[in-house]
Amino acid sequence: MQFWVYMLECADGSYYVGQTDCLERRVVQHHAGDVPGCYTFKRRPLALVWSQEFSSRVEALTSERRIKGWSRARKQALIAGDWKRLSELARGRTSGQAPSAGMDEPCEERGSTGSPRTGAGGRQVSDSVNDNEEHWMRHAFALADRAEREFDEIPVGAVLVSPEGQVLGEGWNRNILDHDPSAHAEIVAMREAGRVLGNHRLVGCTLYVTLEPCAMCAMALVHARVARVVYGASDPKTGACGSVFDLVADPRHNHRIEVIGGVLGDEAGRRLTNYFRAKRGRPLV
């Protein structure tokens, strides 16, 4: 049996990466708007721009997850078949030989504990941070700062943005304040967005969060049908978007989420590291 990883160019200029065992049928489904997590009013799939065949589903899923975490520049280099450029953009690669999309080496980044870790599932630090992503991540940083400054909570912030770019919900960790183990920043932001929309579905929305979501938050994102998650620091202990688990990309779900990890990741990780260092009376980094 054959399996395919493919890339579609969408109307808003973004790229959708997916995998299937029947490429022709899948493309038809995309154009009919029958693929959850891809079609929105502004994000309509226009054309198939790249595909690669694999001999097993495991290889295809691995490749799909890795390419999803690539920067826009790397995706464009892959589409163009510019192997030299692709090699230059991939961290740690200096050779001009064509790298396999399924075997690209993950980059090393700093997680929430401040210790280096190797990215899993292709959630890599972007080589060039999109201005929009940086804007919303800094918005989330401001929420995280408030959690620490006003409530002495672990500084994690999240903001949920509509497909039109409007803020629907904001949140920061409130576990201690609310005596609520479920009051993570992501959950707080989604609850607020649900009230604003009058709907438990948050279709087409993007969640920006300073720390990779845990299993609880990841599954809440899947149930809410959030389209994209953009996070800052990876969590090598409980991360559920590729670091420890990969719940949002599990093919057994009827909805999968596009994930971009490592946006301002060093800064996000340093903030968390310094919070815990201060608690222990250790020098800040």
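1. Two strands are taken to pair if DSSP finds at least two bridges between them, and helices (H or I, at least four residues) and strands (E, at least two) are DSSP runs numbered from the N terminus. In that sense Leu 160 stands opposite Leu 207 in β8, and strand β6 (residues 157-161) pairs with strand β8 (residues 206-211) in the antiparallel sense over four bridges.

2. This is a predicted model, in which local features need pLDDT of at least 70 and side-chain atom pairs count only at pLDDT 80 or more, while totals for chains, interfaces and linings use all residues. Residues are numbered from 1 along each chain as its sequence is written, and side-chain values use heavy atoms, with hydrogens and water left out.

3. The strands β7-β6-β8-β9-β10, in that order, form an open sheet of five strands with mixed pairing. From one strand to the next the twist averages 15 degrees.

4. Helix α5 (residues 131-151) lies across β6, β7, β8, β9 (228-233) and β10, and runs at about 140 degrees to β6, whereas helix α9 (residues 265-279) lies across β8 and β9 at about 60 degrees to β9. Axes here are lines fitted to C-alpha atoms, for helices over the stretch in contact, and angles run from 0 to 180 degrees between N-to-C directions; contact means heavy atoms within 4.5 Å.

5. An unreviewed UniProt entry places the feature "active site" at Glu 186, and such annotations may be inferred rather than shown by experiment. Glu 186 belongs to helix α7 (residues 185-197) and, at 4% relative accessibility, counts as buried (under 20% relative accessible area, with a 1.4 Å probe and protein chains only). Leaving aside residues up to four places away in sequence, Glu 186 touches Ala 158, Leu 207, Val 209, Leu 211, Pro 213, Cys 214 and Cys 217.

Key. Buried < 20%, exposed > 50% of the residue type's maximum accessible area, 1.4 Å probe, protein only.
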